Amino acid sequence: MRIPHRFVLLLFLLAPLPAHAGCMAMPTVCAAYSSTPLIFRGRVVQITPVPPPPPPPPNSGRGYDGGPYDHVRLQVLEAFKGDPGPEITILGSDPMFGKGGEFLIFALPNPQTGEFVANTCLPTSPVT
């Protein structure tokens with residue numbers, strides 16, 4: 001039996017991606033809850049821009065994981081998963097963070113730096 005190429009492509013597009021592979025679409029809240037170790041509601045206290053890392057050497061095979069990134073310091077108002085403490089600084093990659101704003105944060109640890117990261121691949125969103 002021959003499987004049409006369109007069907008194989010559809011299966012590939014619907015397959016879940018590993019966390020490090022980037023994202024094509026935001027996961028559902030249920031999927032994000034099960035795979036995210038730190039979820040909390042917080043208020044932005046301070047935003048400090050992080051200088052972009054230098055580009056990788058030519059022919060290194062590494063892509064540029066650009067930014068812009070900011071260190072976003074948040075007062076924790078309510079913890080839903082994990083223990084962020086009363087205040088936490090995360091690495092944010094979304095321009096929606098504004099001082100004084102309140103957000104539902106889904107954060108993943110960066111295994112290389114130990115920092116928690118919130119980005120557009122997760123359902124981090126403003127609380128209205």
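Trainee: What pattern does the chain follow along the sequence?

Mentor: This is a predicted model, and its chain holds 2 helices and 6 strands, which, read along the sequence, come in the pattern α-α-β-β-β-β-β-β.

Trainee: And what does the chain average in pLDDT?

Mentor: The average pLDDT of the chain is 74, with 70% of the residues scoring at least 70. Among the elements, strand E2 has the highest mean pLDDT, at 93, whereas helix H1 (residues 5-14) has the lowest, at 34. Over residues 3-21 the pLDDT is below 50, and that stretch has 5 contacts in the model beyond near neighbours in sequence. Where pLDDT is low, the predicted coordinates should not be read in detail.

Trainee: OK, on to the strands. Which strands pair, and in which sense, parallel or antiparallel?

Mentor: Strands E1 and E2 pair in the antiparallel sense over 11 bridges, and within that pairing the partner of Ile 47 is Val 72 in E2. E1 also pairs with E4, again in the antiparallel sense, over 6 bridges, and there Phe 40 has Ile 105 in E4 as its bridge partner.

Trainee: What about E2 and E3, how many bridges there?

Mentor: E2 and E3 pair over 6 bridges in the antiparallel sense, with Gln 75 standing opposite Glu 87 in E3. The hairpin that these two strands form has 5 residues between the strands, and in it Gly 82 takes a positive phi near 85 degrees. E3 has a further pairing with E5, in the parallel sense over 2 bridges, where Leu 91 stands opposite Val 117 in E5.

Trainee: Switching to the inside: which residues touch the most other members of the largest nonpolar core?

Mentor: That core has 13 residues, and those touching the most other members are Phe 40, Leu 74, Ile 90, Phe 97 and Ile 105. Two or more residues of the core come from each of strands E1 (38-50), E2 (69-81), E3 (87-92) and E4 (102-109). For the chain as a whole, 23% of the 128 residues count as buried.

Trainee: Now the loops. Where is Thr 124 found?

Mentor: Thr 124 is in the loop between strand E5 (116-118) and strand E6 (125-126), and with a relative accessible area of 8% this residue is buried.

Trainee: What lies 3.0 Å from a polar atom of its side chain?

Mentor: The backbone nitrogen of Phe 106 lies at that distance from a polar atom of the Thr 124 side chain. Phe 106 is also one of the contacts of Thr 124 beyond four places in sequence, a list that includes Met 96, Phe 97, Leu 104 and Ala 118.

Trainee: And Thr 36, buried or exposed?

Mentor: Thr 36 counts as buried, at 0% relative accessibility, and its place is the loop between helix H2 (29-35) and E1. Setting aside neighbours within four places in sequence, Thr 36 is in contact with Lys 81, Phe 106, Ala 107, Leu 108 and Leu 122.

Trainee: One more loop residue: is Pro 95 exposed or buried?

Mentor: Pro 95, in the loop between E3 and E4, counts as exposed at 78% relative accessibility.

Methods
Residues are numbered from 1 along each chain as its sequence is written. This is a predicted model: local features need pLDDT of at least 70, side-chain atom pairs count only at pLDDT 80 or more; totals for chains, interfaces and linings use all residues. Side-chain values use heavy atoms; hydrogens and water are left out. Helices (H or I, at least four residues) and strands (E, at least two) are DSSP runs, numbered from the N terminus. Buried means under 20% relative accessible area, exposed over 50%, partly exposed in between (1.4 Å probe, protein chains only). A polar contact is a pair of N or O atoms within 3.5 Å; within protein, one must be able to donate a hydrogen and the other to accept it, and residues adjacent in sequence count only if both atoms are side-chain atoms. Contact means heavy atoms within 4.5 Å. A nonpolar core is a set of buried Ala, Val, Leu, Ile, Met, Phe, Trp, Tyr and Cys residues joined through side-chain atoms within 4.5 Å. Two strands pair if DSSP finds at least two bridges between them. pLDDT is the predictor's confidence in each residue, from 0 to 100.
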